[in-house]
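User: I'm new to this one. Could you walk me through how to read it?

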Amino acid sequence: MTEARTFNVYCDESCHLENDGVPVMAWGAVYCRADAVRSVTEGIRALKTAHGLASSFETKWTKVSPAKKDFYLALIGLFLADDRLRFRGLVVPDKGLLDHARFDQSHDDWYYKMYFTMLRPIFCAPHRYRIYLDVKDTRGGPKTRKLHDVLANSLYDFSRESIERVQQVRSHESELLQLADLLIGALTYANRGLASSPAKSAIIARLQEALGPDALTRTSAFAATKFNILHWRPREAAQ
């Protein structure tokens, strides 16, 4: 019988607003066993110090720059080398194709469906999961409770034994949430076909070198567990 373990799942999203003018949107999660979080966190903080940064420096995709390129490449290397860390992502290549009215849903309804679709392959009985989300805005509390409801109900986990919690944390307090932001940023950048930043392009190249040239821009093979991506496209409404 498989021993039940607890996993921490750190989630973030990029360009998720319906009318922000950016066609690509993405969700992603970095996850690992809860008992590995302290060790991984200490390793990331040590890496920051080794590159002349404060251990409290907040890693973010928007902060990737030529001056910090070596640090960010080293952080990508740490993620790739640590078997305890995994990433799951979902990309919507063109949200302009969405037609919520045809499927009798709001953008928020669809948003929660996509979150579940992104997270579903991570969940495996009899393990337990703690979901952590970045604090975004004042709607975070209700959205967090709604997401917990959606995840638990979709898994028939009505007693909340599998999805133990869904809660917000501030990104500057969690190295693993910061890592999720970095990987989701890379995912979005690659799928937008951007190449304006040499430092960001170097991160894309490092991931492609390790994972494959199409690893960020195509749906992953089912067996890909280290870095698994779903490219989601809307289905046609029934005629």
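Analyst: Happy to, and let's begin with charge. Lys and Arg count as positive and Asp and Glu as negative, while His and the chain ends are left out. Keep in mind that this is a predicted model.

User: How many positive and negative side chains does the protein chain have, then?

Analyst: You'll find 33 positive and 28 negative ones, and the centres of the two sets sit 2 Å apart.

User: And which pattern do the helices and strands follow along the sequence?

Analyst: The protein chain holds 6 helices and 6 strands. Going along the sequence, they run β-β-α-α-β-α-β-α-β-α-α-β. The radius of gyration is 18 Å, close to the 18 Å the globule rule gives for 239 residues, so the chain is as compact as a globular protein of that length.

User: What share of the residues is buried?

Analyst: Buried means under 20% relative accessible area. Here 50% of the 239 residues count as buried. As for contacts with a separation of 6 or more, 74% of them join residues 24 or more positions apart.

User: What about disulfides: how many are there?

Analyst: A disulfide is a covalent bond between the sulfur atoms of two cysteines. The cut-off is a pair of cysteine sulfur atoms within 2.5 Å, and the count here comes to 0. Take Cys-32: its nearest cysteine sulfur, in Cys-11, is 12 Å away.

Methods. Residues are numbered from 1 along each chain as its sequence is written. This is a predicted model: local features need pLDDT of at least 70, side-chain atom pairs count only at pLDDT 80 or more; totals for chains, interfaces and linings use all residues. Side-chain values use heavy atoms; hydrogens and water are left out. Helices (H or I, at least four residues) and strands (E, at least two) are DSSP runs, numbered from the N terminus. The radius of gyration is taken over C-alpha atoms; the globule rule is 2.2 Å times the number of residues to the power 0.38. Buried means under 20% relative accessible area, exposed over 50%, partly exposed in between (1.4 Å probe, protein chains only). Contact means heavy atoms within 4.5 Å. The place of a charge is taken as NZ of Lys, CZ of Arg, CG of Asp or CD of Glu.
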